[in-house]
Amino acid sequence: MSNPNLDQDLDEELFEHFRFIAAKGQSILRVDKFLMQLVENATRNKIQQAAERGNIFANGVPVKSNYKVKPFDEIKVMLSHPPFENRVDPENIPLDIVYEDDSLLLINKPAGLVVHPGHGNYTGTLVNALAYHFENLPMNSSERPGLVHRIDKDTTGLLVIAKTEQAMTHLAKQFEEKTSEREYVAIVWGNIQNDEGTIEGNLARHLKDRMQMAVFADPEIGKPAVTHYKVLERFGYITVVSCILETGRTHQIRAHMKHIGHPLFNDERYGGHLILKGTTFTKYKQFIENCFKILPRQALHAKTLGFEHPVTKEFMRFDTELPQDIKECIEKWRSYSKSNSLEEEED
């Protein structure tokens, strides 16, 4: 006998909310546990209810919550309503506009501002602000108005926004072909051995912690990523570095720096919120805690952005000052480093 509720659900139009491809190295795992690792704020109970309603698909076929996910499986969550992230409500959120003309604008994004709506963040994003301040922005390939690229919620710095279809196409091509310039400044744990270097390695979702990206040696896993770094200042237990992106992958600098043993300072997702280098003295622990209070986020700032203007073809380069929290943290380390050196000399 057929289930009338299931038959009714099958007659409804379903909208894709999430799609994941299981990695080559994916261990056999129940689909409810698999999705719990990937979808923020999702509970196992809600996922199981979605499976009972026939809303979870594996390779195009509805599956129950005990379905075992295998490498390369395509897992989708399909619901009867469009995803909220495709609906953008204009919100009067102030923007720090660095430059603007008829084709594009550059903004200096503050910490804490999510770039676009997504699961758990449907309002209060940069895209909501753009919808309020500008009309008829062109859509990118993900149907998000104006966005050419993005940076993480707690990363500060420069973003270019396209105001016309021509600008969107031209700028997106530059990012794809790696002809744009992007420099970040980061504070990382530890004393980096070389004054400069290059980190290479494919990035994909971490096999155990799906909220992290990780480096894989297997060329068939993930996407190629290249980060060039240069030491700007050393303070013994931490290092201030400049990072030039050759590619622009999710969490690229954060994952690459952790991969070489130097997680970003106070980067909770990648373990940088722990005291990874230094002494065991209470005084030092208090110093670090004070630094974390000054800089309550990962120490990463998108400092410089360069690209060819889509209309004039002039190469434009923009630079921003470090935000106050990073400047104060560096100054605190500078003072600590000097006072420690003096104490060592006196000893």
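In which sense do E14 and strand E15 pair, and over how many bridges? I started my notes with that. The model I have open is predicted.

**Entry 1: the strands.** I looked up E14 (residues 226-234) and E15 (residues 238-245). They pair in the antiparallel sense, over seven bridges. E14 and E15 form a hairpin, with three residues between them. In the turn I found glycine 236, with a positive phi of about 80°.

I then checked E14 against strand E11 (residues 196-200). This pairing is also antiparallel, over five bridges. Here isoleucine 199 has threonine 227 in E14 as its bridge partner.

**Entry 2: the cysteines.** How many disulfides does the count come to? I got zero. I looked at cysteine 291 to see why. Its closest cysteine sulfur is in cysteine 329, at 4.4 Å. A disulfide needs the two sulfur atoms within 2.5 Å, so this pair is too far apart for a bond. I noted burial too. Cysteine 291 is buried, at 0% relative accessibility. Cysteine 329 is buried as well, with a relative accessible area of 0%.

**Entry 3: leucine 274.** Where is leucine 274 found? I located it in the loop between helix H6 (252-259) and helix H7 (282-294). Leucine 274 counts as partly exposed because its relative accessibility is 46%. Leaving out residues up to four places away in sequence, I found that leucine 274 touches Trp189 and Phe292. I also checked valine 31, which lies 243 residues from leucine 274 along the chain. Their C-alpha atoms are separated by 32 Å.

Technical notes:
Residues are numbered from 1 along each chain as its sequence is written. This is a predicted model: local features need pLDDT of at least 70, side-chain atom pairs count only at pLDDT 80 or more; totals for chains, interfaces and linings use all residues. Side-chain values use heavy atoms; hydrogens and water are left out. Helices (H or I, at least four residues) and strands (E, at least two) are DSSP runs, numbered from the N terminus. Buried means under 20% relative accessible area, exposed over 50%, partly exposed in between (1.4 Å probe, protein chains only). Contact means heavy atoms within 4.5 Å. Two strands pair if DSSP finds at least two bridges between them.
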